[in-house]
Amino acid sequence: MKEFTEIITVKEDDLDDLFHVNNVRYLQWIQDIAKNHWQTEATTEMLDNYIWMVLNHYIEYKGQAFLNDEILLKTYIKKAEGVTSTRIVEIYNNTTDKLLVSCKTNWCLIDKNSKRPIRLTDNLKNLFT
């Protein structure tokens, strides 16, 4: 499976009242890296015809990140079949390599025109393997 990664630095507006990264911000980063991965790998035709919709997220918080920490986001597709795809996102402290957050998200492929689920083609499945 092809991994896609990004590095970000924790900013003040990422923090909660305890001065560590807010759980909602982690979820935003999870969705952002998924979108960036899709937009990087997909063809123009795919981007014009398909969109992904979240079915569910399963998130485990394992550590904390603080202001100015450098964060590594890593994602890959674990499974793709029928109309769904299972994406894994792992978030690490890039300095210590400590796993901070692990997330499994099930996504449904949607036809942009009909707004209905559509089966993944072989081309779509092969994008991420």
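Tryptophan 29 counts as buried, at 8% relative accessibility. In this predicted model, tryptophan 29 forms an edge-to-face aromatic pair with tyrosine 26, with 5.6 Å centre to centre and 90 degrees between the planes. Tyrosine 26 also counts as buried, at 2% relative accessibility. Together with Tyr61, Tyr26 and Trp29 form one aromatic cluster.

A search of the whole structure gives 3 aromatic pairs. Another of these, also edge-to-face, joins tryptophan 38 and tryptophan 52. Tryptophan 38 belongs to helix H1 and tryptophan 52 to strand E2 (residues 50-61), so this pair ties together parts that are 14 residues apart in sequence. Both tryptophan 38 and tryptophan 52 are buried.

The geometry of these two pairs is as follows.

| Pair | Centre to centre | Angle between planes |
|---|---|---|
| Tyrosine 26 and tryptophan 29 | 5.6 Å | 90 degrees |
| Tryptophan 38 and tryptophan 52 | 5.8 Å | 85 degrees |

A further ring contact involves a charge: the charged end of arginine 87 sits over the ring of phenylalanine 128, at 5.7 Å from its centre.

The cysteines remain. The count of disulfides is 0. Cysteine 103 is in no disulfide, and its nearest cysteine sulfur, that of cysteine 108, is 17 Å away. A disulfide needs the two sulfur atoms within 2.5 Å. Cysteine 108 is likewise in no disulfide, the nearest cysteine sulfur being that of cysteine 103. Cysteine 103 counts as buried at 1% relative accessibility, and cysteine 108 counts as buried at 5%.

Key: Residues numbered from 1 in each chain as written. Predicted model: local features only at pLDDT ≥ 70, side-chain atom pairs only at ≥ 80, totals over all residues. Heavy atoms only, no water. Buried < 20%, exposed > 50% of the residue type's maximum accessible area, 1.4 Å probe, protein only. Phe/Tyr/Trp six-rings, centres within 6.5 Å; stacked < 30°, edge-to-face > 60°. Helix = DSSP H or I, 4+ residues; strand = E, 2+ residues; numbered from the N terminus. Lys NZ or Arg CZ within 6 Å of the ring centre and 35° of its normal.
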